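Here are my notes on the model you sent. Please read them with the structure open.

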Amino acid sequence: MAEGEAAGDAGLGPAPAPAQEGAELAAVIGATVPTGFEQTAAEEVQEKLGSASRISRDRGKIYFEVPARSLPQVHRLRSVDNLFVVVQEFKDYQFNENKEDALKDLEDLVKKLPWTDPLKVWELNNSLKKKKTKRKKHNLQSPASREKLNDGGEEGGADQNNTNDQEDCAQNPVAVEPTGGQNTEKPQGVTSRNGVEEEEDNKQSDVKVEVQASSESGTKAGDSQTSEGEAKVLRFRVTCNRAGDKHSFTSNEAARDFGGAVQEHFQWKADMTNFDVEVLLNIHSNEVVVGIALTEESLHRRNITHFGPTTLRSTLAYGMLRLCDPQPTDIIVDPMCGTGAIPIEGAAEWPYCYHIAGDNSPQAVKRAANNICSLLRKNESKDSTALGVPLDIIQWDICNLPLRTGSVDIVVTDMPFGKRIGSKKKNWDLYPACLMEMGRICTPGTGRAVLLTQDKKCFAKALSRVGHIWRRAQTVWVNVGGLHAAVYLLRRTWERAEERRSFW
């Protein structure tokens, strides 16, 4: 086994230096972000936290170092989905070709990792979450809050339960509990609920596998004291995300053996659902990152309470808005707003702009209005003197908008993919008509549009037909619910847009 241990140790990267006594606790934070918007997330971290970020080779992740006292600001980042504190990173871990030896190396790794400071960060993060929960309970218990909730209309009704939104299908895969003899890996991709196969960089897709092991108590973390003063038994689970086809083991096996070693090392008790600590084992080819989760659910769910069939993730909406660089007093329009994810995110982050949302579907307008009401109640619970949000919602026809020519600075929208809403055939007529109407309402010379679509062929054809009013400035390739889509940044030319035009 000496050879296997040597192979495992060869990839060890420098462990984070433990905090000296009296020194400020710092943490390396890992964040998952919408694929394609890693640079946008890095820019936000630099702007709001003053920290430089490193973009992972594994798409959809960034890493940055911050003092532990900055955790509240980290949780307020708009571009990140999930957060974890890095225990240690191995940039070139040499896996043993023999499966048993490779798994034994992972087991032995647990005892060598610098757990102390990351667990302190996890404990601090836990205390922040408890304070937030207490504030929420206090607000809900106040008579004014109860009255507002009672007047909430359809809040929490049927629409709220409709969470099978397109973007959540593959971005947040359901974790799989290992079962004997069950193969949880797919050699060429993961099929999402909409039946579309996802292939990420021609490599094996990530497969989430969670393993539980039984144990008893161990470390001073979180709620480590019971009412009797005895140490509380901490519960944990291990989640393994693996990508690459050159590993001799499966994700199931890696999670099982690593989790067993964690249980033995800390004497924690396992619980697949009601866990205190989630240990992450991320393996991407020869890059290995061990971390501890800081978020229980994705931060992209922060705004939406009433979901539609294709609700856009708030983090992706933020990336699209940031791409067009909104300035104070800009008028920003989402002509196909759906449940309102883009304008709601815009109003929350760019309150000095005026946001207009519209859709031709009365159901979509109703959902968006309910989501705006939820945002207003959320703002009032934080500040009773809040003045509302600079956002209006209207039902309209996208091809005949009730807006003056040249009166809009920015158009940002998620266009129909032709799968859950509309059809590919209808898009051939809809896309050029939309682009022409967007060109009419946008200010010549300075107007811009950021448009998301998976129907790239149809969009390219439509754009070529209206090339006299729109110029493509940038394309960002994104993964939306297992679909390979694109976000296009367009700039308005000085040419006058015609009121009506034959496109084909």
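1. Ground rules. A contact means heavy atoms within 4.5 Å. In this chain, residues 24 or more positions apart account for 79% of the contacts with a separation of 6 or more. The model is predicted: local features need pLDDT of at least 70, side-chain atom pairs count only at pLDDT 80 or more, and totals for chains, interfaces and linings use all residues. Numbering starts from 1 along each chain as its sequence is written, and side-chain values use heavy atoms, with hydrogens and water left out.

2. Overall make-up. The chain holds 14 helices and 18 strands. These are DSSP runs, numbered from the N terminus: helices are H or I with at least four residues, strands are E with at least two. Of the 504 residues, 50% count as buried. Buried means under 20% relative accessible area, exposed means over 50%, and partly exposed lies in between (1.4 Å probe, protein chains only). The accessible surface is about 23,500 Å² by the Shrake-Rupley method with a 1.4 Å probe. Carbon and sulfur atoms own 48% of that surface.

3. The seven-stranded sheet. This open sheet runs S14-S13-S12-S15-S16-S18-S17, with mixed pairing. Strands S14 (391–395) and S17 stand at the edges with a single partner strand each, so one side of each has no neighbour in the sheet. From one strand to the next, the twist averages 15°. Two strands count as paired if DSSP finds at least two bridges between them.

4. Helices on the sheet. Helix H10 (residues 314–323) packs on the sheet and touches S12 (331–334), S15 (410–414), S16, S17 and S18. The direction of H10 makes about 150° with that of S16. Helix H11 (residues 341–349) also packs on the sheet, touching S12, S13 (354–359), S14 and S15. The direction of H11 makes about 170° with that of S13. Axes here are lines fitted to C-alpha atoms, for helices over the stretch in contact; angles run from 0 to 180 degrees between N-to-C directions.

5. Strand S18. Eight of the 10 residues of S18 (residues 483–492) are buried, so the rest of the structure largely encloses this strand. S18 pairs with S16 (residues 448–453) in the antiparallel sense, over six bridges. Leucine 452 stands opposite valine 487 of S18, and valine 450 has leucine 489 as its bridge partner. S17 (residues 470–480) also runs antiparallel to S18, joined by 10 bridges. Valine 480 is bridged to leucine 483. The S17–S18 hairpin has two residues between the strands, and glycine 481 takes a positive phi near 60° there.

6. Helix H4. The 14 residues of H4 (residues 99–112) should span 20 Å at 1.5 Å a residue, and the end C-alpha atoms are 20 Å apart, which agrees. The expected span is 1.5 Å times one less than the number of residues. Buried residues in H4 include Ala102, Leu106 and Leu109. At the start of H4, a side-chain oxygen of asparagine 98 comes to within 3.0 Å of the backbone nitrogen of glutamate 100.

7. The 16 residues of H9 (residues 251–266) should span 22 Å, and the end C-alpha atoms are 22 Å apart. Phe258, Ala261 and Phe266 are among the buried residues of H9. Just after H9, glutamine 267 takes a positive phi of about 60°. Is lysine 111 buried or exposed? Lysine 111, in H4, is exposed, at 58% relative accessible area. The C-alpha atoms of lysine 111 and alanine 261 are 8.1 Å apart, although 150 residues separate them along the chain.

Technical notes: Polar contact = N/O pair within 3.5 Å; in protein donor to acceptor, adjacent residues only side chain to side chain.
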